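Reader: I would like to walk through this model with you. Shall we start with the whole chain and then go to single residues?

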Amino acid sequence: MDDVTDIREFYNAGWDAEDDRLTRHQLEADLTWRYLDHYLPSCGRLLEVGFGTGFYSFPLARRGYRITSVDLADEFVARCKARAESLGLADQTDFRTGDARTLDGIPRGQFDAVLLMGPLYHLVDETDRTTALRSTFERLKPGGVVFSTMLSRFGVIGDLIRKNPAWIENQEDVRSLIGNGHRPDDAPRGGFRGYFVRYEEVAPMHERAGFHTLNITGVEPAIASDDESYNSLRGEQRELWLNLLFEISEEQSIVAASRHILYIGQKPAG
């Protein structure tokens with residue numbers, strides 16, 4: 001397996017940026033909640049792999065789900081344990097350090113749903129992505145649902161032109177992203193090291209692990225990297241825009257232009 005020490009260090013040093021991320025990217029959060037509300041069972045045990053700072057963990061615990069949450073970053077585990085105590089949710093949550101590829105210590109066949117919304121960003125090797133999906137599949141009960149989020153290879157270009165326009169001058173990096181979905185193999189490690197999928201990869205990679213595909217959506221449809229325009233919306237106008245963006249979020253012609261692609265699948269029953 002790939003050595004992901006650099007990724008652990010990146011997140012251990014990045015609590016503040018991660019804790020604020022979905023405040024800056026509100027459409028991603030709002031549409032993800034729409035899909036969670038639609039596909040999650042009404043109660044049960046959830047496994048969350050890559051929980052970040054607990055943006056989804058704590059609201060789901062308040063709804064009554066019992067959540068086992070695993071993250072590579074031990075700093076995030078310690079802080080989320082403390083946050084759970086302060087919120088009175090320690091009995092509903094179990095935060096642990098772990099690797100999405102092995103899920104050591106996590107029982108098989110015990111969970112009604114798995115949220116895998118982060119680890120696939122950073123598993124550059126195809127074998128590691130496959131291993132993580134198979135480990136997830138094994139932890140679900142028959143009929144259980146998986147939500148996995150990936151970075152889109154072409155959806156990221158809006159962020160790059162906005163935040164790092166000089167990136168285009170390094171044609172080795174450009175060609176590697178477009179052709180391979182990641183940095184050149186000999187690039188130094190450090191910072192955000194990830195894998196960016198093509199749309200046509202998404203269903204096959206999950207189905208090879210055993211999942212039946214229920215849906216593939218883009219959670220920033222049609223806005224590219226323009227978070228500010230959506231974030232500024234209020235009241236009925238915001239709700240109407242959210243309804244429209246939810247309606248078109250499964251439109252195949254724009255899913256790959258979203259920065260994040262959300263896959264929803266099910267472990268066959270029986």
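Reader: What share of the contacts in the protein chain with a separation of 6 or more comes from residues 24 or more positions apart?

Author: This is a predicted model, where local features need pLDDT of at least 70 and side-chain atom pairs count only at pLDDT 80 or more, while totals for chains, interfaces and linings use all residues. Residues are numbered from 1 along each chain as its sequence is written, and side-chain values use heavy atoms, with hydrogens and water left out. Contact means heavy atoms within 4.5 Å. Among contacts with a separation of 6 or more, the share from residues 24 or more positions apart is 78%.

Reader: How many helices and strands does the protein chain have?

Author: Helices (H or I, at least four residues) and strands (E, at least two) are DSSP runs, numbered from the N terminus. On that basis the protein chain has 14 helices and 8 strands.

Reader: Why is the protein chain called as compact as a globular protein of that length?

Author: The radius of gyration is taken over C-alpha atoms, and the globule rule is 2.2 Å times the number of residues to the power 0.38. For 270 residues the rule gives 18 Å, and the protein chain is close to that, so it counts as compact with a radius of gyration of 18 Å.

Reader: What percentage of the 270 residues is buried?

Author: Buried means under 20% relative accessible area, exposed over 50%, and partly exposed in between (1.4 Å probe, protein chains only). The buried part of the 270 residues is 51%.

Reader: Which residues of α8 are buried?

Author: Helix α8 covers residues 126-139. Its 14 residues reach 20 Å from first C-alpha to last, close to the 20 Å expected at 1.5 Å a residue; the expected span is 1.5 Å times one less than the number of residues. The cover over its buried residues includes β1 (45-49), β4 (111-116), α7 (119-122), β5 (140-152) and α11 (199-208). The buried residues are Asp128, Arg129, Thr130, Ala132, Leu133, Ser135, Thr136, Phe137 and Arg139.

Reader: Which residues does threonine 136 touch, leaving out those up to four places away in sequence?

Author: Threonine 136 sits in α8. Its relative accessible area is 0%, so it is buried. Beyond four places in sequence, threonine 136 touches Leu103, Val114, Leu116, Val146 and Phe211.

Reader: And serine 135: which residues does it touch, with the sequence neighbours up to four places away not counted?

Author: Serine 135 also lies in α8. It counts as buried at 7% relative accessibility. Its partners are Ala100, Arg101, Thr102 and Leu103.

Reader: What is the phi of leucine 103?

Author: Most residues other than glycine have a negative phi. Leucine 103 is in the loop between β3 (93-97) and β4, and it is buried at 1% relative accessible area. Its phi is positive, near 50°.

Reader: Is alanine 222 buried or exposed?

Author: Alanine 222 is in the loop between β7 (212-218) and α12 (227-231). It has a positive phi of about 75° although it is not a glycine. With a relative accessible area of 62%, alanine 222 is exposed.

Reader: How far apart in space are valine 70 and glutamate 48, C-alpha to C-alpha?

Author: Valine 70 is found in strand β2 (residues 66-71). It is buried, with a relative accessible area of 3%. Its contacts include Glu48, Arg96 and Leu103. Valine 70 and glutamate 48 are 22 residues apart in sequence, and their C-alpha distance is 6.2 Å.
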